[in-house]
Amino acid sequence: MNRPVLCLLSGVLSLGLAVPATAGERGAESYSPELKWVLLAPPGGSVVQVLDVSRGVTPLATLRSRARGQVVAMRAQLAGRRVWVLAGNGLDVHDGFSGRLLGHWAAPEGVRLDRLEVDASGRPAAWSGARAFEAVTGAAVLAPLGARLSLR
């Protein structure tokens, strides 16, 4: 493993708290203290590496999606061991162990997604400025948070 990744891992582990997923010059990174997982995406990349750091550093999965653009944010979910990955063009959910893509929701037309937040119940919301969107089962596009939808 290269030196920047090891420095990141040691810094995250020494903090002992959840590090929010952020994208920047170093790429995107996130730590889940409940699962003891580190999520890493390279700068400008669309691939996410899931590492288990409970007993050393063990690679669990590589999360890929052809439709995904540059990773903006990501978050591991304790329930179901799922990983949510936000890109400017949509939201994906993967199985954290196998890397299998479980769902994809495109961003609404004209919307550029910029952050991912999770509420107290563990439900993710994708944000574009002050507008929040959610992944609704059966929908192909993210829906405004709390909107009443009719899926026909």
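How many bridges join strand β4 to strand β5, and in which direction do the strands run? Strands β4 (residues 48-52) and β5 (residues 58-63) are joined by 5 bridges and run antiparallel. This is a predicted model, in which local features need pLDDT of at least 70 and side-chain atom pairs count only at pLDDT 80 or more, while totals for chains, interfaces and linings use all residues. Residues are numbered from 1 along each chain as its sequence is written, and side-chain values use heavy atoms, with hydrogens and water left out.

**Overall picture**

- The protein chain holds 1 helix and 13 strands. Helices (H or I, at least four residues) and strands (E, at least two) are DSSP runs, numbered from the N terminus.
- Along the sequence, the pattern is α-β-β-β-β-β-β-β-β-β-β-β-β-β.
- The protein chain has 152 residues, and 43% of them count as buried. Buried means under 20% relative accessible area, exposed means over 50%, and partly exposed lies in between (1.4 Å probe, protein chains only).
- The accessible surface of the chain is about 8,500 Å², and carbon and sulfur atoms hold 52% of that surface. The areas come from the Shrake-Rupley method with a 1.4 Å probe; for residues, only the protein chains shown count as cover.
- Among contacts with a separation of 6 or more, 33% are between residues 24 or more positions apart. A contact means heavy atoms within 4.5 Å.

**Confidence**

- Mean pLDDT for the protein chain is 84, and 81% of its residues reach 70 or more. pLDDT is the predictor's confidence in each residue, from 0 to 100.
- Over residues 1-6, pLDDT stays under 50, and the model has 4 contacts beyond four places in sequence for them.
- Residues 12-22 also stay under 50 in pLDDT. For this stretch the model has 18 contacts beyond four places in sequence.
- Where pLDDT is low, predicted coordinates should not be read in detail.

**Strands and sheet**

- An open sheet is formed by 4 strands in the order β6-β7-β8-β9, with antiparallel pairing. Two strands pair if DSSP finds at least two bridges between them.
- Its edge strands are β6 (71-77) and β9, each pairing on one side only.
- Neighbouring strands of this sheet are turned by 15 degrees against each other on average, direction ignored. Axes are lines fitted to C-alpha atoms, for helices over the stretch in contact, and angles run from 0 to 180 degrees between N-to-C directions.
- Strand β7 (residues 82-87) is joined to β8 by 6 bridges, and the two run antiparallel. Trp84 has Val93 in β8 as its bridge partner.

**Aromatic pairs**

- The structure has 2 aromatic pairs. Rings of Phe, Tyr and Trp (its six-membered ring) pair if their centres lie within 6.5 Å; planes under 30 degrees apart count as stacked, over 60 as edge-to-face and the rest as tilted.
- One of them joins Trp37 and Phe97 edge-to-face, at 5.4 Å centre to centre and 90 degrees between the planes.
- This pair links distant parts of the chain, 60 residues apart. Trp37 lies in strand β3 (residues 37-41), and Phe97 in the loop between β8 (90-95) and β9 (101-106).
- Trp37 counts as buried at 2% relative accessibility, whereas Phe97 is partly exposed at 47%.

**An exposed glycine**

- Gly110 sits in the loop between β9 and β10 (115-118).
- Its relative accessible area is 83%, so Gly110 is exposed.
- The C-alpha atoms of Gly110 and Asn89 are separated by 9.6 Å, with the residues 21 apart along the chain.
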